Amino acid sequence: MSIFAAKFRHYWSLTKPSQSGLLLATGLAGYMSARCPVFNIGTILSLSASLFLAIAGSTVLNMWWDRDIDAKMVRTKKRATSKGLVDENEVLRAGLILSVIGVGWAVAMDALYGLIVFAGLFFDVLIYSIWLKRRTAWSIVWGGISGAMPILAGRALGLGAIDWIGVTLALGILFWIPTHTLTFSMKFAKDYADACVPTFPSTYGLTVTRATIAISSLLAAVAMVVAGYGIGMTWGFLRLLGVLSTGLLMLAVTITFNPSERVNFSLFKYASIYMLAAMILVVLEVV
Amino acid sequence: MKLTSSDRVLLLFTALLASYQVAVGMDGFSALPIIAYTIGFGVLLIAALLIFILGFDVLDSPVVVIVSTVIPLALSLGLVWQHLASYRTSYLLFTIIGFLAVAWTRSIQMQNKLPVIILAITHGIAGMTIFLLPIILSIQGGMKPLFSLVGVGGALIGIGGLLLSFLKTGKPILSRGTIMRLFPILLLVTTALFVAGFQYG
């Protein structure tokens, strides 16, 4: 039993539960933003399960692919794949099984929804991780596009089509992701250098990276507010979204003109809180 | 000094209460009070989140003095605009000039006591407005009795501001540790009083 529990812990950690949970939250928020009958428990559970399995599957596959560079980085060398705590072929099989079940379930629910979930997985594993991550700092754009797929998929499932609001919500996530990942790549610049993974800070320098963070934060905030307006958020909720967006922008401006490790860290953390809060607002608006 | 778990819980509730006030606590108000209260509670919300993320060290930033001026100025402007119609324009001017003066005197090096005087006048007038106006309105029957809670909240945030200001000037009334232990409670109680006062007053 303890062996099984230990193995489960290892695999659970490989799914990056916090990150997968946040992406799942965006998917649920996207679905609810369509103002379809959101209290259909069967659909909600199927959406949650299929999306979580697909996200977890792609994350496990990324871990499997990146196990060599993860082992070179202080931040990731304790991962189960880097430390050899799990068999690498078994990890590959687990990632594939989770992905196939997740995408298959999604396709069975709705073809368009399934296609978008598959696109997210395809962009994340094949384009971002396998093809571009070790070649160019611009790989994060594709990582961002894959991260934007759950919210688009959720809304497409609720609506039965892709509309401008879904695209704007996806853009909000797409522009938010650099705020998150670029602050991360600045904080762990040495790790990425040790693993020979090109990042914005190592390729274009800190000034350009900080300016990119500021611009992407501005675009993310604008996209979320526009999407909120499109969804039909009340003025009160839009005000609150505006306040939270202002906080994000202020930190982004601060990191550009008065950079420090502390501001960098606070922007990284605040960006997560911002996105979670934005998703909660979308859900509360409908509920 | 590190944040404890209870500090984090208190700050989270502060952020939630401030969020509530921004989102649904000002329905029916006119445009300027909505803007003013949104700025005031918005700063409270962002401040609570930043302390939650970065810990008490964030209070050592020189920007804190400028940002913390926004809260009493914005809240008092909203109150004056709603309840003292004849003072609207003059108080709006005071708010703008007061904020710019604090920002200016805190942004450049000054050897004289002008920054302290400006800060004391601005905080003093705004603080007394938040403290006295709701209480007077409640006593006179212009508002419901519970509106006076806004005044109590104003007094508490004034105490918090004083404790921090004296700490920053190197002449603390209480030790830094005590102030930091009290700060999350003070922030939550203040925000709760403001929200309750506006809701039930």
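Guide: Let us begin with aromatic pairs: rings of Phe, Tyr and Trp (its six-membered ring) pair if their centres lie within 6.5 Å, and planes under 30 degrees apart count as stacked, over 60 as edge-to-face and the rest as tilted. This is a predicted model, in which local features need pLDDT of at least 70 and side-chain atom pairs count only at pLDDT 80 or more, while totals for chains, interfaces and linings use all residues. Residues are numbered from 1 along each chain as its sequence is written, chains are lettered from A and ligands numbered from 1 in the order in which they are written, and side-chain values use heavy atoms, with hydrogens and water left out.

Visitor: Which residues form one aromatic cluster in chain B?

Guide: The cluster consists of Phe29(B), Tyr37(B), Phe41(B), Phe147(B), Phe194(B) and Phe198(B). Over all chains, the search finds 19 aromatic pairs.

Visitor: Why is the pair of Trp12(A) and Phe52(A) called tilted?

Guide: The ring centres are 5.9 Å apart and the planes stand at 35°, so the pair counts as tilted. Trp12(A) belongs to helix H1 (residues 2-14) and Phe52(A) to helix H3 (residues 41-65) of chain A, so the pair ties together parts 40 residues apart in sequence. Helices here are DSSP runs (H or I, at least four residues), as are strands (E, at least two), numbered from the N terminus.

Visitor: What makes Trp12(A) partly exposed?

Guide: Buried means under 20% relative accessible area, exposed over 50%, and partly exposed in between (1.4 Å probe, protein chains only). Trp12(A) has a relative accessible area of 40%, and is therefore partly exposed.

Visitor: Where does the charged end of Arg75(A) sit?

Guide: Arg75(A) has its charged end over the ring of Phe188(A), 5.3 Å from the ring centre. The rule asks that NZ of Lys or CZ of Arg be within 6 Å of the ring centre and within 35 degrees of the ring normal. In chain B, Arg8(B) lies over the face of Phe52(B), at 5.5 Å from the ring centre.

Visitor: How do you know that Glu90(A) forms a salt bridge with Lys7(A)?

Guide: A salt bridge requires a side-chain nitrogen of Lys or Arg within 4 Å of a carboxyl oxygen of Asp or Glu. For Glu90(A) and Lys7(A), the closest N and O atoms are 3.2 Å apart. Glu90(A) lies in helix H6 (residues 88-109) and Lys7(A) in helix H1 of chain A, so this bridge ties together parts 83 residues apart in sequence. Glu90(A) is partly exposed, at 24% relative accessible area, and Lys7(A) is partly exposed at 37%.

Visitor: Are Asp66(A) and Lys133(A) buried or exposed?

Guide: Both Asp66(A) and Lys133(A) are buried. Their closest N and O atoms are 2.9 Å apart, and the two form a salt bridge. Asp66(A) lies in the loop between H3 and helix H4 (67-70), and Lys133(A) in the loop between helix H7 (111-132) and H8 of chain A, so the pair ties together parts 67 residues apart in sequence.

Visitor: How does the reach of helix H2 of chain A compare with the expected span?

Guide: The expected span is 1.5 Å times one less than the number of residues. Helix H2 (residues 17-33) of chain A has 17 residues and reaches 24 Å from its first C-alpha to its last, close to the expected 24 Å. Buried residues of H2(A) include Leu22(A), Leu23(A) and Tyr31(A). Arg35(A), which follows H2(A), has a positive phi, near 55°.

Visitor: Why does the radius of gyration of chain A agree with that of a compact globule?

Guide: The radius is taken over C-alpha atoms, and the globule rule is 2.2 Å times the number of residues to the power 0.38. For 287 residues the rule gives a value near 19 Å, and chain A has 19 Å, which agrees. Chain A contains 14 helices and zero strands, and buried residues make up 55% of its 287 residues.

Visitor: What makes Thr191(B) buried?

Guide: Thr191(B) has a relative accessible area of 0%, and is therefore buried. Thr191(B) is found in helix H7 (residues 176-200) of chain B. Contact means heavy atoms within 4.5 Å. Not counting residues up to four places away in sequence, Thr191(B) touches Thr14(B), Leu17(B), Ala18(B) and Leu44(B).
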